[in-house]
Structure formats: structure tokens, C-alpha cells
Amino acid sequence: MKRASIVTSKFKAEVKTDLDRELNLREELVKIDGNRVSVFDGDKEVFSVDNVIKLSLETGISVDKLIGFTSDGKEIEIAYFTKRKEELFKKVIDAFNKGEQIEVKDEESEEGVRVGVGTLRWLWNIASRYRKTMIFGATLSLITTGLNLVPPYLLKILIDSVLLSPSHPSTLFINIIVYLIASYSALALLSSIQNRTLNNLGSRIINDLREILYKHAINHDYSFIERISPSRILSRLTTDAGNTNWLLVWGLPTLVTNLFTIIGIGVILFTLNPTLAAFILIPVPAIIYLIISYRRKSHRLYHRNWRRSADITSRINDTIPNFLVVRSFSKEEYESKRLREMLNKLYESSIAINKMNSVYWPLMGFVVNLSTVLIWWVGGHEVISGIIEIGVITAFIAYVSQFYGPINNLSNVLPFIQQSLTSAERIREVLEVKPQITNPENPKRPNMPAEIRFEHVYFGYDPHFPVVKDINIEIKPGEKVAIVGKSGSGKSTIAKLLLRFYDVNEGRILIDGIDIREIDLNYLRRKVAYVPQDVVLFDTTVGYNVVYGTDNLSEVDIIRACKIAKIHDEIVKLPFAYDTILGERGTYLSGGQRQRLSIARAIIKNPDVLIFDEATSNLDVTSEREVYETMMDVSKGKTVIMITHNVHEVMNSDKVIVLSNGKVVEEGKPIELLNKKGEFYKMFKEQINEENIFARMKQNSKEEKIIVNLIDIHNVKIDQSVRRSTVDVIYQGKVYRVLVPKMLFPITKPTFIGLYDESGKEIFLIDDYTKLDEKSRKVLENALAYNNLIFQVRKINEINIKGDQLEWDVETNKGPIKVYTIGRRNVVVLDSKVVLIDKNDNLYEIDLDKIDRKSFKILVETV
Ligand SMILES: Nc1ncnc2c1ncn2[C@@H]1O[C@H](COP(=O)(O)OP(=O)(O)OP(=O)(O)O)[C@@H](O)[C@H]1O
Ligand SMILES: [Mg+2]
């Protein structure tokens, strides 16, 4: 370990490399003294540079270079080192460039896991809320262990003092029987309580741990999730939390009670008869040897088995969801073969484990049994020669059989304890990483929309390799700005910086003159809506996906946003309209539909700044224009930042920012940039034509209105129409004939109705049809049922569970039926009702207030 000495304001540091200048694995010493950087091999200076004003790092495979920039503009390779030293050199380089003196600690990064007392203490703190219960459980464990030791002793007394005594004292006989019954009853009772206590405690602790981890992960920085990777967080939540839980609830208590048992029995045996007890120790070395050799072998074999089975899981996880790719490349045979090979390997390793176990355990049993025979032999002789009584040897044998058990238990439990401690350590590791991007102390909330400024912003996902450099941008409130540039030039990065997913490395971003690091994070993200390049949808209903992130929204708000995003008409056509559950990965929606849904999600937030990251890239030309124009409509007065390759959108913006390699290379009005014939012109010249340039004027003259025709419930009459499934509506003195009523939220709000004419055009929306006058309501309800029938379940006779499928034997308002639901998503539990969606998408509603008690009980026990 080297320390840099702090003498003057001149920067000084000494760092060791691990490669010499010929790239041999030998240390050299880099000395920085002010602006002079020199390299020493031992005491000999082998290289030096003067007038170094800046240092930087270049990375390669297994070799990094320290680069010096001199005041006369030269770039010089100073030293070389492997990746192990990268972090260390980064720190020194940073400090040098900032002119801040630092202490250089050359700590060898140790890969070994530091499991130990620290982790145990940390666990103890986590479990602190339940400490009393834990102690209670542990005490019970000890008592039951103690109780286990009583019966053999009673047996001894029974044999020696009752059975073999000439007088056969009957009171003692009865007493012993009573004691035996009492101790067995106590054992049964206490172990039941102990089991329950520990199991419940386990469930609680594991829930706690998962909650803490989940909260931590979800509140953490974007970069944290990226770095740790979602699947690893998942495994922390499941496997590691499970192991930790096992450790707390079973591992540690087992360890303690078994130790206690061994000691307890040992003491008893030696008190009963020291000579005989000494014989018990004879097989102990053999047993310990067996245990240790088993441990070594089994560790390797089980680990290999686990690795192979994990490989298979990840293989399957990789190919099944991506089966589209697999099939489109006709790789089915290949994948099946590969899996078969992996399965064979798993089989092999399982066989090896079975072989090991089939040898080891009987051998172990044999040794233990042999030692029992030894006791019989030695003890038998002592009984015959009258040295000990027969009861002693009986008790002895009984204790011996309990003595080797715990030794075995311990050897089984210890490796798992080791493994669980590692798990606990892994959880602790994650929890101890503190988020960098946090809410400021005194969060500010500037008025928005306001001016947005980037001032000399530098940022890199790794600070040493900036992807955006010296960005200076000024966006006025209400301005429409287009950011263009080649793929990878840093456009999305700029958007993420504005949302503060990452903090800038240098410079600052201001909103209304306030650094965004001082602005309330939630406020910022509420006011700035981001439609990302890759649309992410949740595995739930369309409606939920739209309102995500915004509270207190009515159905009408959702519909309005979807109309703006031009997706409403398509949603209405989905099986359950807005209540349609999107399949995993948005199966039911096309790429363009997903984009529009994501736009609706942004619009509904009613933000002041909208960032569209290639938001219309998956749409055809007409839809893209339409979406774009409505987007412009809603964003009147709002600031809009469009990251786009679309010439139409670019030409219609107030300002264009051209990025190249993370730098702003051009900036200005689109026409000006065209005339400049620079980068921008090169990018778009082939797509430019008259229409694009003059489109703006056309667009301005045309104003499209979003129509949400919500009916005023008091001024409407609904009449029967020519068809059973349609109605006539008389509204504000006008008659609309043959309208088809449809539920737009059949599961969450079946009273919300849309009315459509023959051509499928939406004429009206009714927020809650039950508020209509009696007659209208009846007519509407009747017609509605011919389009959207929802069976009302009156009674549940039985629910049979068949694998992933539930068979519901129910009575409905339309008669009895057997309903089959598959998977848990087709049983929707809402506040006061449960909705069943059967295999064929029929709906059944169970009103919890209306069904009888027995049905209710069946339901609650199943769902
Ligand atoms: N999460 C990340 N971690 C590390 N590097 C990243 C990350 N995201 C982007 N980069 C890198 O930053 C650079 C800029 O990426 P960015 O996503 O900003 O490009 P872009 O201009 O939006 O490109 P595109 O037009 O393809 O979307 C790229 O070189 C990319 O490799
Ligand atoms: Mg991008």
C-alpha cells in the first residue's frame, strides 16, 4: 500500500502498475510530481515526461494505457497496466485533472466473499423486530432437545429399579409410566408450537427481506439496475432471500440444538458409565473422516449438478420467449439437440450423485451400527460380570443412537449454512449500495414550462468515456425542438439526462435557471414526459397501461388520451376493449399500436415538457403524420423535444439540433440549416422536397379537434330500435337511429358505454348508464346484453383444481354452467366482485355481496 504524500499544492501521487513497458507482469512505479510524470523500475527511472497538463486512460483487452497530454499538444503513452488497476488509475487521473490531492490506496481487489460476523450482525438487525419470537423459538428448540433425552433415562430406571428389582415397586412403575407419557406429550405439544412459531417467523422475515430489497431496487438509480441486471436482482429476491430465511429460521437453530444435543448426550453417557462412554469415541474419527471426504466430494458433485441444471433453465428461458427467432432460422432441431445434450449431462451428474450417496450413507450406517455392536459386546461383558446393570446398557444404546444423529445433522447443515451466509452477504451487498440520484435537501419546484438550458454538459455511462461532450442547448418554453443525429450519437442520452436518470459528469442542466439536481425528482418526472424508444408495456390491461403513473383519472381521460394518440378505435375492437389484458410482451398489439399507447401514456400525464424518442418510427406515413399532428395539437404551449429521423417532423420544428459523436455540430431553424448545406443538409437532402418544406403552413391552417362526446345523462332518451341489439337515441332534439352499445370497460366499469353507428363510428359515450331514467336504462341494458353479455353468478357449487385450470361449477342468472378458467390472470379480483374469463373469453361476474355464505367460503379458499 502506497500513500501519496501531501506536501505543497503541487499534485503528487505514486501508483504501481502491474505491467512493465514491455508488457511483462512486473510492477513499475508511476510517480507524478506536479507536471512531471515519471516511471520507475525499482529505483531506476525508465521514462519521464514533463509539462503534462492532462491525463487520460485508454482501454484495450487486458491492457490499459495511461496517456499524458503535454502543454505543447503532444499525446504520450506513459505506462501500461491490466484491468485490475483500472479503477485505481481512474481515480488518480480524475484527481490530477481536477487538481485535487487524493490518497492513493492500492488495495488488491479481493474476490473472495467476506462472509462473517458482520453479516450475522446485519442479519440480527434485520430480524430485530422479531427478536423476541426468535428467542422464544430457539428456547423451545432447546427444551424439546432436552425432552428428547429424558425417555432413555426413564427406561433405565424402569428396567433396573422396577423390572429387575425383586420387589417390583408398583408406585415407581406407575410414576415412570406417567413421566413417560408426560414427557412425550410435552414433546409433541412443544415441537408443534416450535414448528409453527419458526415457520411463521420464517414467512414474515422472508417477506420483509423481499420488501426491503424490492423497494431498494425500485427506488435506485437507473444505472444501478443496469449494472446489477434485472435477472440478478430477481435471483436476490427469490433464491438468496429464501436461503437467508432458511439460515435464520432453521440453519442457526439446528446448529445450536445439535451442538447442545451432542454435548448433552456426551455428558449423560460419561456420567452413566465413563468406560463404556470411552468406547463410543472409537468410531468418531472414522465418522469424521467419512464426513469430511463426503463433504469435499459432494460439494463438487452437487455444484456441478446445480450448474448444469441452471444452464438448462437459462437455455429454456432464452429460447422459449424468443422462439420466433428460433423458428425463423429453422433452428428447432438444433435447439432440441442442444437441450438433449444438456439434459444428458445433467443426467450423468445426477447419476454420479446417486452413486456417491449409495456408497456413503450405508457405509456411515455400518460404522454406527458396528459401534453399537461394540457397546453390546463390551457392555454385555460388564453386565454379565455384574459391573453394570442391564438398564444402563439399554439406556446407553438408546442414547448412542441419538448421538450420531446430530453429528450427521451438523455435517448436513453446515455447508448450507455456509451457502446461506453467502446469500445473506449478497443481499447485504446490494442493500449497501446507496442511490446516487436522490431528492435534494430542499427540493425546488420551478414553474413549468420554463426555459431549459444545457451548459457545458459532459456525460458518459462510464465517466471516463463521455458519450456527450460539451453540450450547450437552450430551449425556450413552448418551443418545438428536433434533435437529429446518427445512431449512437447520444440523442437518447440527452433525454435521459433531462429526466435525471443519470447525473451529468460536468456542467449543468437548468430549468428556469435552477439546476435539475435541486429540483424535486418526482415533480421533474411528472412534468417531463418521456416516450422512450423501446416501448415497455406491463402485463396487464390496456387501461392500466395508459394510466400508469398518473392517479385519479376517469375513464373519459383515458379515452381522450387514446383518441389523441389515435389508438382508441383499435382498442374498442379488442376483446374486452380497455380491459383487455395485454399478453406478455404486448402480444395483442402491433409495434405501431404499442408506440401509440405509449404516447397516450405520456399525454395523459398532462406534462409541460414532452420528449418523444423516435415515437412515430414504427408507424406508416399516414398514421405518423396524423399522430404527429394531433401531438402538436395537444402540446400547444408545451415544450416538445423530438428525437427523430423523420424529415416532416424535423422540417416542422422551431429549431433543430444536430448531434454528431456526442457533440452539437449544428443548430438553428430547419430552413437555415438546409441553406447552410452542412451536416444537416447531408443527412436529409435526399428526403427533402417541396411538400416537407411547406407542410408546416398546411398544418397550421388545419385544426383537428378531438371529440369525446360524453352524453349529458339528463337530456337523453333511449328507445328500442329495429334490432334487439341496437337502440335509438334521442339527444338534444335529434334522433340517432340503430346505435350499437358496447362496454368499453367490461370488467372494471361495465356501466361505461360507447354507442356506435352502423359504420362503427363512435357517436356517444355514457359514463354510467345506470343513472339513466328507468325506461331508457332497461332498453339499453337489454340491447347491451345482446352485444356484451356478462353472466351473473348466483351460486358456486364447487371449484375443482386441475393443474393450471380451474373448473367452476356455478349457477348463473341464465342457468347452470361449468366454467373453465386457465391461469391466474383470468380470475380478476376487484373490490366487491370477482370476474371470471373463461377459455373462450366469456365473462362471468361474481358479486361478493350477493352470493351466499357457502359460495363465498369456497371462493375465498380457492382464490
Ligand atoms: N446504458 C448504457 N450504458 C452504457 N453505454 C450506453 C448506454 N446507453 C447508451 N450507451 C452508449 O452511449 C452512446 C449514445 O447512445 P444513445 O442511446 O444516446 O444514442 P442515440 O443517439 O439515441 O442512438 P439511436 O439513434 O440509435 O437511438 C452509444 O455509443 C451507446 O453505446
Ligand atoms: Mg436513441
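Start with helix H4, residues 150-163. Its 14 residues, at 1.5 Å each, should span 20 Å, and the end C-alpha atoms lie 19 Å apart, so the two values agree. This is a predicted model. The buried residues of H4 are Pro152, Lys156, Leu158 and Val162. In general, an α-helix has 3.6 residues a turn, so residues three or four places apart point the same way. The cover over the buried residues of H4 includes helix H5 (170-219) and helix H12 (390-431).

Now step back to the wider region. An unreviewed UniProt entry annotates residues 135-419 as "domain: ABC transmembrane type-1". Over that stretch the chain is 91% helix and 0% strand. Its end C-alpha atoms are 23 Å apart.

The whole chain is assigned five parts: domain 1 (12-98), domain 2 (117-431), domain 3 (474-489 + 527-701), domain 4 (713-783) and domain 5 (790-862). Between the C-alpha centres of domain 1 and domain 5 there are 72 Å.

Look next at Glu28. This residue sits in the loop between strand S1 (12-16) and strand S2 (29-33). Is Glu28 buried or exposed? Glu28 counts as buried because 22 C-beta neighbours lie inside 10 Å, and the cut-off for burial is 20 or more. Leaving aside residues up to four places away in sequence, Glu28 touches Thr17, Asp20, Val39, Phe40, Asp41 and Ala79. Leu806 is 778 residues from Glu28 along the chain, and their C-alpha atoms are separated by 71 Å.

Ligand 1 comes next. Which residues surround ligand 1? They are Glu226, Tyr461, Val467, Gly485, Ser487, Gly488, Ser489, Gly490, Lys491, Ser492, Thr493 and Gln533. By type, this shell divides into 2 nonpolar, 8 polar and 2 charged residues. Helix H13 (residues 491-498) gives the largest share, 3 residues.

Last come some backbone details. Most residues other than glycine have a negative phi, and most peptide bonds are trans. Asn51 is not a glycine, yet its phi is positive, about 55°. Asn51 lies in the loop between strand S4 (44-49) and strand S5 (52-59). With 14 other C-beta atoms within 10 Å, Asn51 is partly exposed. Asn661 also has a positive phi, near 55°. The loop holding Asn661 runs between strand S16 (655-660) and strand S17 (663-668). Asn661 is partly exposed, having 13 other C-beta atoms within 10 Å. The peptide bond from Met448 to Pro449 is cis, with omega near 0°. Pro449 is in the loop between H12 and strand S8 (452-459).

Note on methods. Residues numbered from 1 in each chain as written. Chains lettered and ligands numbered in written order. Predicted model: local features only at pLDDT ≥ 70, side-chain atom pairs only at ≥ 80, totals over all residues. Domains from an automatic or database assignment. Near = placed C-beta within 6 Å. Helix = DSSP H or I, 4+ residues; strand = E, 2+ residues; numbered from the N terminus. Nonpolar A, V, L, I, M, F, W, Y, C, P; charged D, E, K, R; others polar. UniProt positions renumbered as here; feature names shortened; annotations may be inferred. Buried ≥ 20, exposed ≤ 12 C-beta atoms within 10 Å, placed from the backbone. Contact = placed C-beta atoms within 7 Å. Expected span 1.5 Å × (residues − 1).
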